[in-house]
Structures are given as C-alpha cells and as structure tokens.
Amino acid sequence: MSTVGCLILHGFTSCADSVNRVPSRLIPHNIPYRMPYLRGHGTLPEDLQGVTWHDWYADANAAFRDLRREVDKVILIGLSMGGLVANHLAAAHRDEVLGVVSVAAAMRFHYKHADRARYVAPMLGMWGDENRDMGAGWYDKETGRQHGNYRRFPAPAFVSLWRYAKVVEQQLPRITAPILIIHSHQDRTIPTAAAEAIYRQVGSVDKQLIWFDKSGHEMLRDGESPAVLDAVEHFVLHHRAQYQSSTNKE
C-alpha cells in the first residue's frame, strides 16, 4: 500500500510543546512523521543569533528528505513560522507533497513597526522581556503561562522572519496541493489578513479556510485545540485515503 507521512513544523521562538499534540492524532493511524527542531530553537534564545530563514528552510528540507525515504507522499503541517516553511516546501516539492495544513502562518504581523524593524534591528540586540506574562494573548491563560517558548529573541532573527514572509508569498501561486488554512480571529500575533492572503494567492484548487474564535496564536494548544486537531486529523486521513484509493486502482 502507498504510504503517506507528515512533516510537523513549529513556529518562531517555539518549543516542541507548540506542535507535540499533532503526533497523537497520527500514531493511532500508523502515519509516519518527523517533527524537527529548526535552527536556534529548543535550546536558548541566544542560539538564534546569526540564524536566518535559510537555516530554518534547510533544516525542514532535510527532515522532509529523511521522511521521504520512508513514505511516498508527505503532508506538511506548520504553525506560524512553520506555516511559512510548509508553504515554501509545498511550492518547491509539488510532486512529492500531498497536502498542506497552514496554521496561523506568519504571512503578516500585528506588530505595527514590523516593516521598519530591519533598519534598527542591528542596534537593538535582544527583544522581549523575561518577566512578561506568557499567558497574554492566550484564551487558556494558564496553559500559556506553562508554555516553553522563548521570552526573548535576537531582533535580526525576527527581521529574517519578516523577510521570509515576503519570499514565501511570492511562492504561493506555485502551490498546487490541497491546502487547509486555519486561523483565529483572536490571534494577537498574526492578523487575519495573513490567512486571507494565503487563501487568495495560493495556486491550489482544493483550498479551505477555517476560522476559530476562542484561540490565541498557539492554536494547537489553546482553548479550541481539540477542534483544531480534529480538523488537522480529518484533512490528513481524507487525503491519505484518497491517495491510497487512487494508487490502488492503477
């Protein structure tokens, strides 16, 4: 039987906690997956110094290639920055990608000075506050306070993320795989315009945009996470079944 696997990609400053509920929806169905840490993550905020989007893409692409040694087709699942990388991979590997789940992808930013950050980032060093309330922006604030995301990050790393959004946006028309776009109206990090831009510009004929209203940016862990994960699981199983059915007829 033809095999399908999933590549799961976390966001900027994220830890594995941000996406580690996804495998629980794949393992019961015997779906292989990879969930790599992208460069500069999973250690200390200072390790993002000198890291750019080229590094994040390279790490994700390496995991993609590793997974492809085990499966015939890949479904990409990305949160925030991981959503950008997922879309980029879908454009680059069209014949190998079966579908894309783009969760709160960082195509736009609520930060009103994001487009000016590139001019001042070299002078700013680290951004953020170790004492800030990590529950802010979460619907489930207690879960947010227990989250392991970095509280600080190097300003140039954010500038690279901002630039990456521009790069990936240019690639959206090249994406042909079915895509599920998930976003929250309450996201205080990425505006709704990001999801709308992806839906509008993506080249996929099979595309769906699902909105949620009781989640912050970390949609795979916040208040509506069971429903968000249900949507992800349904997309994966539906397209895996379609693919296996089509290949069995050949």
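Modeller: Contacts between residues at least 6 apart in sequence join residues at least 24 apart in 77% of cases; contact means heavy atoms within 4.5 Å. This is a predicted model, where local features need pLDDT of at least 70, side-chain atom pairs count only at pLDDT 80 or more, and totals for chains, interfaces and linings use all residues. Residues are numbered from 1 along each chain as its sequence is written, and side-chain values use heavy atoms, leaving out hydrogens and water.

The protein chain has 8 helices and 8 strands (DSSP runs, H or I of at least four residues and E of at least two, numbered from the N terminus). Of its 250 residues, 56% are buried, meaning under 20% relative accessible area with a 1.4 Å probe, protein chains only.

Now the helix: α6, residues 155-171. Its 17 residues reach 25 Å from first C-alpha to last, close to the expected 24 Å (1.5 Å times one less than the number of residues). Buried residues in α6 include Phe158, Leu161, Trp162, Ala165 and Val168. Residues three or four places apart point the same way, because an α-helix has 3.6 residues a turn.

Helix α3, residues 81-92, packs on α6 at about 35°, with the axes 9 Å apart. Axes are lines fitted to C-alpha atoms over the stretch in contact, and angles run from 0 to 180 degrees between N-to-C directions. On the α3 side, Met81, Leu84, Val85, Asn87, His88 and Ala91 make the contact. Leu161, Tyr164, Ala165, Val168 and Gln171 meet them from α6. By class, that gives 8 nonpolar, 3 polar and no charged residues. Nonpolar covers Ala, Val, Leu, Ile, Met, Phe, Trp, Tyr, Cys and Pro; charged covers Asp, Glu, Lys and Arg; the others, Gly among them, are polar.

Terms used
Buried means under 20% relative accessible area, exposed over 50%, partly exposed in between (1.4 Å probe, protein chains only).
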